[in-house]
Amino acid sequence: ALVAALAVLAGYAAATAPQRLGQPFVDTARHGWRTRAQPVPGVRLATLPEGGIRAARWVRAHARPGDVVATNAHCRSGDIRGRCDSRHFWVAAYTERRVLVEGWGYTAGAHAQAARTGRSHAVVPYWRPELLAANEALFRAPSPAAADRLRRAYGVRWLLVDLRVQRPPAGLGRVAALRLRVGRCAVYELSPAGAPAP
């Protein structure tokens, strides 16, 4: 009976193996390995936005090594108000700069929260809500005060906006200078303290 059960299970595995194992190779051949999302049943994961690598590399080329980037993108799926898969790191990876708040999955803080709550490290909420709120304030309701807070308190100089998450409010251009728009991304530079955006 055990051998028969194993044979049936092996048959099921063999029937789905080409799709499970072959599809990543087909997708990669068509679209490139950088945009291949890992399949998770029931969850549609976002890949890099169009222009994301170019925008991030532009920041890398123009930013000083100590510059900090803020972004409106934190989740691979869902959003920060719902279930957020926070394993989102492409901004930090391709800019090669520190990011104020991007993804927090895989971090020591996420694992500590996961141990306390019994939830996956990928979906625990960010443990510094005041920092996340300061970050989001500039993208949702830009003001000189919000820009100044990110600049002075956290050293932010660059903003990398994923336009799939939200289109930047018109007021963002009054506190930061649009430096690049490519595909579904925009890069802004915060003006020096007290100076209007050029």
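A salt bridge is a side-chain nitrogen of Lys or Arg within 4 Å of a carboxyl oxygen of Asp or Glu. The legends below describe a predicted model.

**Figure 1. Asp 67 and Arg 157 meet in a salt bridge.** The gap from N to O is 3.0 Å. The pair links distant parts of the chain, 90 residues apart. Asp 67 sits in the loop between α2 (52-62) and β1. Arg 157 belongs to strand β3. Both Asp 67 and Arg 157 are buried. By the rule above, the count comes to 12 salt bridges.

**Figure 2. Asp 148 pairs with Arg 151 and with Arg 152.** The Arg 151 bridge spans 2.9 Å, N to O. The Arg 152 bridge also spans 2.9 Å, N to O. Arg 151 and Asp 148 both lie in helix α6, three residues apart, about one turn of the helix. Arg 152 and Asp 148 are four residues apart in α6, so about one helical turn separates them. How exposed is each partner? Arg 151 has a relative accessible area of 17%, so Arg 151 is buried. Asp 148 is at 24%, so Asp 148 counts as partly exposed. Arg 152 reaches 61%, so Arg 152 is exposed. Elsewhere, salt bridges with shared partners join Arg 64, Asp 67, Arg 157, Arg 179 and Glu 189 into one network.

**Figure 3. The largest nonpolar core has 26 residues.** Leu 138, Val 156 and Leu 159 have the most contacts inside this core. Six elements each supply at least two of its residues: β1 (68-71), α5 (129-140), α6 (144-154), β3 (156-162), α7 (172-175) and β5 (185-190). Helix α5 gives the largest share, five residues. In soluble globular proteins, nonpolar side chains tend to be buried together.

**Figure 4. Val 156 and its contacts.** Which residues touch Val 156, leaving aside neighbours within four places in sequence? They are Val 68, Ala 70, Leu 100, Leu 150, Arg 151 and Leu 190. Cys 185 has 0% relative accessibility, so Cys 185 counts as buried.

**Figure 5. Cys 75 and Cys 84 form a disulfide.** The structure holds one disulfide. A disulfide is a covalent bond between the sulfur atoms of two cysteines. Here the sulfur atoms are 2.0 Å apart. The angle about the S-S bond is -105°, and the link is left-handed. Both Cys 75 and Cys 84 are buried.

**Figure 6. A nonpolar patch on the surface.** Leu 2, Leu 6 and Leu 9 form this patch. Together they have about 340 Å² of accessible area. Leu 2 is found in helix α1 (residues 2-31). Is Leu 2 buried or exposed? Leu 2 has 63% relative accessibility, so Leu 2 counts as exposed.

**Figure 7. Gln 113 in helix α4 (residues 108-117).** Gln 113 has 12% relative accessibility. Buried means under 20%, so Gln 113 counts as buried. Not counting residues up to four places away in sequence, Gln 113 touches Gly 118, Val 124, Pro 125, Tyr 126 and Trp 127.

**Figure 8. The whole protein, for context.** The protein has seven helices and five strands. From the N terminus on, the order is α-α-β-α-β-α-α-α-β-α-β-β. Of its 198 residues, 41% count as buried. The protein exposes about 11200 Å², and carbon and sulfur atoms supply 58% of this area.

Methods
Residues numbered from 1 in each chain as written. Predicted model: local features only at pLDDT ≥ 70, side-chain atom pairs only at ≥ 80, totals over all residues. Heavy atoms only, no water. Buried < 20%, exposed > 50% of the residue type's maximum accessible area, 1.4 Å probe, protein only. Areas by Shrake-Rupley, 256 points an atom, 1.4 Å probe, with all protein chains shown as cover. Core = buried A, V, L, I, M, F, W, Y, C linked by side-chain atoms within 4.5 Å. Contact = heavy atoms within 4.5 Å. Patch = residues over 30% accessible without salt bridge, like charges linked within 9 Å, V, L, I, M, F, W, Y side chains within 5 Å. Disulfide = S-S within 2.5 Å.
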